[in-house]
Amino acid sequence: MTIAQNLQHVCKRIADTAQRCHRSAHTVNLLAVSKTRSIDDIVHAINAGQTRFGENQLQEAITKINALQDYHLEWHFIGHIQSNKTREIAHYFTWVHSIDRYKIAKRLNEQRPAHMPPLNICLQINLDEEATKSGITIDELPPLIIKIQSLTHLHLRGLMAIPAKQQDYHAQQNTFAKLRRAFVELQQQGFPLDTLSMGMSHDLEAAIEQGATIVRIGTDIFGERREKTC
Ligand SMILES: *Cc1c(COP(=O)(O)O)cnc(C)c1O
């Protein structure tokens, strides 16, 4: 299968699932996760119509962003953020999905170049509540959101999660439902959030059923990665 065929297949999975859940397929955006992939592979995806790409290693991403700057692409940072990397992230990206502490948001806000539109951000939620995984717990959200809303160079869009891999469909749904409930509760409290970034190659259907507005797909577009980097 070519990258173009894979993309078509993923788009069909998205459309079929959306239809099954009475959602418009347009409310689910496909982020192609291009980490570890060559620039050639990305160009194949671009030629097949893909414009949004996700990366999790900053230096690798910058090389690609510079090489592909003639295309009008939207780059999303989805990796763990060290505070000494925020300046370049604020400069190169349109979206950051992986904000896991206030300090990082504050630095990105200060470092977002003034001539650029606000940086779109999601807060990364730790759904498994394992002490070792990065992310914010659901209980910590409201006070953190209030602080982040005052950062004018950021546009807080919503929540993101990378749950532990589960094969069982109902288990996947239950996990994503936790994020959806937190999201809906925040909306009901008046926070204007519009983005739920959840669902990867193995669980995109369950994520769409639970309201995902961005699914982040790598393997099912580009094939198996040689080394797992997440
Ligand atoms: C690698 C990665 C993905 C894509 O995972 P696949 O299983 O290859 O689809 C999605 N989100 C994040 C944060 C990742 O690091």
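Visitor: Which residue forms a salt bridge with Glu 55?

Guide: This is a predicted model, and what follows is computed from its atoms. A salt bridge here needs a side-chain nitrogen of Lys or Arg within 4 Å of a carboxyl oxygen of Asp or Glu. The closest N and O atoms of the pair in question are 3.0 Å apart, and the partner of Glu 55 is Lys 64.

Visitor: Are Glu 55 and Lys 64 buried or exposed?

Guide: A residue counts as buried when its relative accessible area is under 20%. Glu 55 has a relative accessibility of 0%, and Lys 64 has a relative accessible area of 4%. Both values fall under that cut-off, so Glu 55 is buried, and Lys 64 is likewise buried.

Visitor: Which other residue forms a salt bridge with Lys 64, and where do the two lie?

Guide: The closest N and O atoms of this second pair are 2.7 Å apart, and the partner is Glu 60. With a relative accessible area of 25%, Glu 60 is partly exposed, whereas Lys 64 is buried. The two residues are four apart, about one turn of the helix, and both Lys 64 and Glu 60 lie in helix α3, residues 58–67.

Visitor: What is the relative accessible area of Gln 59, and in which helix is it found?

Guide: Gln 59 is found in helix α3, the helix that also holds Lys 64 and Glu 60. Gln 59 counts as partly exposed, and its relative accessible area is 48%.

Visitor: How many Å apart in space are Gln 59 and Pro 113?

Guide: Along the sequence, Gln 59 and Pro 113 are 54 residues apart. In space the separation is taken from C-alpha to C-alpha, and for Gln 59 and Pro 113 it comes to 19 Å.

Visitor: Which residue forms a salt bridge with Lys 106, and how exposed are the two partners?

Guide: Lys 106 pairs with Glu 110, the closest N and O atoms being 3.2 Å apart, and both lie in helix α5, residues 102–111, four residues apart. Lys 106, at 37% relative accessibility, counts as partly exposed. The partner of Lys 106 is Glu 110, which counts as exposed at a relative accessibility of 53%.

Visitor: Which residues do salt bridges that share partners join into one network?

Guide: In general, side chains of opposite charge can pair when their charged atoms come close. Here, salt bridges with shared partners make one network out of Arg 13, Glu 205 and Asp 220.

Visitor: How many salt bridges are there, and how many positive and negative side chains?

Guide: The protein chain carries 26 positive and 24 negative side chains, and the centres of these two sets lie 3 Å apart. Counted by the rule used for the pairs above, the number of salt bridges is 10.

Visitor: What is the phi of His 22, and what is the phi of Thr 36?

Guide: His 22 sits in the loop between α1 (3–20) and β1 (29–33) and counts as exposed at 76% relative accessibility. Thr 36 lies in the loop between β1 and α2 (39–47) and is partly exposed at 35% relative accessibility. Neither residue is a glycine, yet phi is positive in each, with His 22 at about 55° and Thr 36 near 70°.

Visitor: Why is the protein chain said to be as compact as a globular protein of that length?

Guide: The chain is made up of nine helices and eight strands. For 230 residues the globule rule gives a radius of gyration of 17 Å, and the chain is close to that value, so it is as compact as a globular protein of that length. The radius of gyration of the protein chain itself is 17 Å.

Visitor: What percentage of the 230 residues count as buried?

Guide: The C-alpha atoms fill a box of roughly 45 × 40 × 35 Å along the principal axes, and the chain exposes about 11200 Å², of which carbon and sulfur atoms supply 49%. Among contacts between residues at least 6 apart in sequence, 58% join residues at least 24 apart. Of the 230 residues, the share that counts as buried is 51%.

Note on methods
Residues numbered from 1 in each chain as written. Predicted model: local features only at pLDDT ≥ 70, side-chain atom pairs only at ≥ 80, totals over all residues. Heavy atoms only, no water. Rg over C-alpha atoms; globule rule 2.2 N^0.38 Å. Buried < 20%, exposed > 50% of the residue type's maximum accessible area, 1.4 Å probe, protein only. Contact = heavy atoms within 4.5 Å. Areas by Shrake-Rupley, 256 points an atom, 1.4 Å probe, with all protein chains shown as cover. Lys, Arg positive; Asp, Glu negative; His and termini not counted. Charge placed at Lys NZ, Arg CZ, Asp CG, Glu CD.
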